Amino acid sequence: MRDKELRLALVCYGGISLAVYMHGITKEIWRLARASQAFCDGTPAATGSQGVYRAMLEEIAEQTGLRVRVLVDIVAGASAGGINGVFLAQAISSGQSLEPLTDLWLDLADVEKLTDPDHAPNSALTKFWARPIAWMAMGHRVVDETVEAAARDEVRAKLDHFVRSRWFEPPFGGERLLGMLLDAFDAMAAAPAGPRLLPDGQPLDLFVTVTDFSGHPERLRLNSPEEVVETEHRLVIDFIDSGNRGDVLADRAELAFAARATSSFPGAFPPFTVAELDSVIADREIAWPGRDAFLEQVLPRHVATNSVDKAALIDGSVLANAPFRPAIDALRQRPARRQIDRRFVFIDPWPGLKFAFGGKVDGRPGFFQTLIGALSEIPRQQPIRDNLEAISDRSDQIERMLVILERLRGEVEAQIDTLFGYTLFLDYPTPKRLKAWRQRAQVGASKQAGFGHAAYGLLKIDGVLDRIATLLHGVGEQPGQQRWRRIRETLAACIEARGASQFASSHDTGASPATIAFLRGFDLGFRIRRLRLLVRRIAELDADHDRAELAEVRDAVYGALAAYLECQRAGTFGALRDAVRDLPDGADPLLDRLEAAMDLTRLDAETDAALSAALSKLGRDVRRPLLLAYLGFPFFDIATLPLLQGEGLDEFDPIRVDRIAPDDACAIRSGGAEATLKGIQFNSFGAFFSRAYRENDYLWGRLHGADRLVDIVVSTLPPTVRMNPGRVRSIKRAAFLAILDEEEAKLTAIPKLFAELRAEIG
């Protein structure tokens with residue numbers, strides 16, 4: 001079997017009451033991850049759609065020899081997507097179940113249960129004169145046309161109750177929502193749990209966007225004046241489970257903080273405040289030992305000015321409805337132990353949403369439509385073209401580099417042959433020999449590069465500086481670009497004083513002894529890029545040689561790679577936190593401590609030992625091209641690092657982007673959200689008014705999720721491999737029917753839909 005990881009980075013959009021639909025999708029993603037883990041671990045198969053996914057992965061393995069593991073290691077969300085992202089990440093990190101959430105969504109995501117009791121009408125006579133306004137705004141016709149007959153009375157009654165609530169105040173209760181979130185975490189914790197849904201050492205990153213209503217000051221550097229202060233409103237709350245034994249994603253109070261803040265939809269919920277959370281957890285007698293550290297992390301400016309109590313946080317989708325950027329940045333610290341297929345999967349519950357409120361007959365926007373659209377809806381629905389172009393540019397950059405590497409291979413191999421002589425490869429490599437060969441190849445490459453080596457070397461120093469500054473910035477936990485810049489400037493001055501950035505042909509090795517010592521102590525990027533190249537070469541040879549022959553060397557490379565990547569994680573160096581915060585008093589002691597903690601000399605020796613042992617067991621026809629790639633890497637790096645602009649790419653593969661949306665899942669019914677979802681009514685508030693709406697959207701979420709996830713898994717197969725004709729459709733049909741069988745007895749408000757779906761599925 002050949003192993004492959006299909007890694008999903010999820011980006012979850014906002015959607016108001018379509019959060020229920022998104023819960024159905026994330027539940028299927030969770031089930032696929034569980035099925036994949038069970039398949040790879042050899043544990044008994046499950047039932048329902050999870051069993052269908054397990055059977056699909058087994059079939060792929062039997063037909064293609066490819067064992068695919070599907071995992072979710074990055075989650076980013078805003079608003080409704082932020083809530084679903086928080087719960088999904090908690091389930092992945094802890095092994096807890098998402099099943100208890102379904103009942104909570106269906107029961108509690110209701111306008112009457114969300115409405116603040118102080119704002120609800122006291123009697124049937126309260127604001128009786130407001131009823132005509134409700135029917136003018138929504139109309140009896142809308143209810144008659146969009147709601148099943150059995151649910152119409154419920155929707156009318158709840159709409160009447162909602163309109164007669166207190167005006168000019170957010171109708172929904174912030175503390176009520178916060179209590180529901182905490183209840184949900186308790187329900188997950190009380191249900192039977194399984195193992196963590198990621199391999200040991202594989203980090204899980206969660207990003208939740210929030211809008212700081214009042215904003216916080218950020219300093220910007222200009223030419224004239226040198227510095228200005230502007231107000232920043234965007235916040236990204238990030239959590240990480242590093243994957244080490246005993247790690248957790250976060251305290252439930254902190255996860256509830258993020259979920260409540262990101263979902264503070266303007267006009268519906270009051271802004272979230274820290275005092276609100278303090279009050280709720282005090283009433284529930286919940287301990288929150290990490291409160292001060294968490295607030296310092298997420299609200300550093302407010303903490304510094306003693307204004308935490310004044311921070312008002314609102315819906316994350318106001319300024320960042322599609323949080324791709326933090327998810328892209330998280331790729332820098334992904335370990336790899338096998339072949340990777342990286343996907344960005346974004347969940348958009350209603351593509352092409354058009355906001356309508358008071359439009360005129362001739363199609364021009366009305367007064368209120370213009371105001372609301374300009375202030376909220378247009379920014380929220382801004383296309384993600386910039387994000388997709390950034391991902392595409394990154395993938396194009398990798399593709400260009402791979403082409404260059406392929407075309408340079410012959411010339412580099414000739415240089416290595418000239419440098420060492422062919423007889424070298426008749427001897428078995430040992431750790432001592434491998435170290436000597438690496439150093440000799442490095443010197444040879446610097447001499448061949450001539451004066452261009454100085455430019456390459458300075459670019460390497462800049463890259464190392466950036467990596468160290470980013471690492472220490474994370475260790476110090478003092479957010480802000482200006483803080484990162486000050487750390488980097490302090491480090492740069494220290495390195496310059498050490499004479500550790502001198503490259504010239506006058507040096508026998510192409511660089512000064514101080515420069516070589518600095519790179520040996522800190523240049524993680526070079527080591528990671530070299531192992532990535534070796535991984536690529538192993539994958540190419542794997543097509544022509546027996547898998548068993550290459551298994552040990554592949555494991556050795558991935559093991560070494562994981563160890564180096566661990567040195568990029570801020571969490572590895574928490575002991576340096578206070579020293580980082582003392583900068584810029586002096587960087588020399590801190591650099592010495594960091595070098596000792598990283599201990600790259602030890603890692604290099606362990607890598608040489610593992611690689612030499614694995615390479616020695618290979619036949620010469622396989623060992624030689626791998627040694628050529630490994631020893632020839634300095635030649636490749638001099639040619640390709642300028643293309644990467646000094647930044648090494650950790651996941652050394654192009655990224656593909658997939659969408660999960662009603663428009664894309666057409667195996668059962670076409671027509672998109674308008675043909676399937678009820679929550680799109682009343683400007684996406686519809687599912688709050690009817691349990692039948694919520695059951696409808698939740699069920700379609702599961703079905704659409706299954707439809708698209710099967711497509712995504714099948715698309716990871718090599719281009720030369722195809723499943724039998726009609727097989728994909730059969731797998732989808734089995735998943736659909738399994739979902740209907742699981743849910744029909746539970747979703748009692750929509751019997752007609754089940755009959756329709758069974759007829760359409762066939």
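Biologist: How do helix 9 and helix 10 lie, parallel or oblique to each other?

Modeller: Oblique. This is a predicted model, and in it helix 9, residues 174-190, packs against helix 10, residues 252-262, at an angle of about 135 degrees. Angles over 145 would count as roughly antiparallel, and those from 65 to 115 as roughly perpendicular, so the pair is classed as oblique.

Biologist: How far apart are their axes?

Modeller: The axes of helix 9 and helix 10 are 10 Å apart.

Biologist: And what is the hand of the crossing, left or right?

Modeller: Helix 9 passes helix 10 in a right-handed crossing.

Biologist: Which residues meet there?

Modeller: From helix 9 there are Gly174, Leu177, Leu178, Leu181, Leu182, Phe185 and Asp186. Facing them in helix 10 are Arg252, Leu255, Ala256, Ala259 and Arg260. By class, the contact of helix 9 with helix 10 has eight nonpolar residues, one polar and three charged.

Biologist: Why do the positions in a helix contact come at steps of three or four?

Modeller: An α-helix has 3.6 residues a turn, so residues three or four places apart point the same way.

Biologist: Next pair. How do helix 21 and helix 25 cross?

Modeller: Helix 21 (residues 524-542) and helix 25 (residues 600-616) cross at roughly 15 degrees, and their axes come within 12 Å. That angle is under 35 degrees, so the two helices count as roughly parallel. Their crossing is left-handed.

Biologist: What makes the contact?

Modeller: Helix 21 supplies Leu524, Arg527, Leu531 and Leu534, and helix 25 supplies Leu600, Asp604 and Leu611. Five of the residues in the contact of helix 21 with helix 25 are nonpolar, two are charged and none is polar.

Biologist: Which other residue has a positive phi although it is not a glycine?

Modeller: Glutamate 285, with a phi of about 55 degrees. Glutamate 285 sits in the loop between helix 11 (274-283) and helix 12 (291-298). With a relative accessible area of 73%, glutamate 285 is exposed.

Biologist: Now the end of the chain. Which residues of helix 32 are buried?

Modeller: Leu753, Phe754, Leu757 and Ile761 are buried in helix 32, which spans residues 751-761. Seen down the axis of helix 32, its buried residues fall within an arc of 100 degrees, so they line one face. On the other side of helix 32, Pro751, Lys752, Ala755 and Ala759 are exposed.

Biologist: What covers the buried residues of helix 32?

Modeller: The cover includes helix 30 (691-714) and helix 31 (727-743).

Biologist: What comes just after helix 32?

Modeller: Glycine 762, which takes a positive phi of about 85 degrees.

Biologist: Back to helix 30, then. Is histidine 704 in there buried or exposed?

Modeller: Histidine 704, found in helix 30, is buried, with a relative accessible area of 2%. Leaving aside neighbours within four places in sequence, histidine 704 is in contact with Tyr21, Ile660, Pro662, Ala665 and Thr676. The C-alpha atoms of histidine 704 and methionine 22 are separated by 9.9 Å, while the two residues are 682 residues apart along the chain.

Biologist: Where is arginine 581, and what does it touch?

Modeller: Arginine 581 is in helix 23, residues 577-581. Not counting residues up to four places away in sequence, arginine 581 touches Glu296, Gly476, Glu477, Gln478 and Arg483. Arginine 581 and arginine 483 are 98 residues apart in sequence, with a C-alpha to C-alpha separation of 9.9 Å. At 22% relative accessibility, arginine 581 counts as partly exposed.

Biologist: Last one, for the whole protein. How many helices and strands are there, and what share of the residues is buried?

Modeller: The protein has 32 helices and seven strands. Of its 762 residues, 55% count as buried. Among contacts with a separation of 6 or more, 79% involve residues 24 or more positions apart.

Key: Residues numbered from 1 in each chain as written. Predicted model: local features only at pLDDT ≥ 70, side-chain atom pairs only at ≥ 80, totals over all residues. Heavy atoms only, no water. Axes fitted to C-alpha atoms, helices over the stretch in contact; angles between N-to-C directions. Helix = DSSP H or I, 4+ residues; strand = E, 2+ residues; numbered from the N terminus. Left-handed = near helix turned anticlockwise from the far one by under 90°. Contact = heavy atoms within 4.5 Å. Nonpolar A, V, L, I, M, F, W, Y, C, P; charged D, E, K, R; others polar. Buried < 20%, exposed > 50% of the residue type's maximum accessible area, 1.4 Å probe, protein only. Arc of directions from axis to C-beta.
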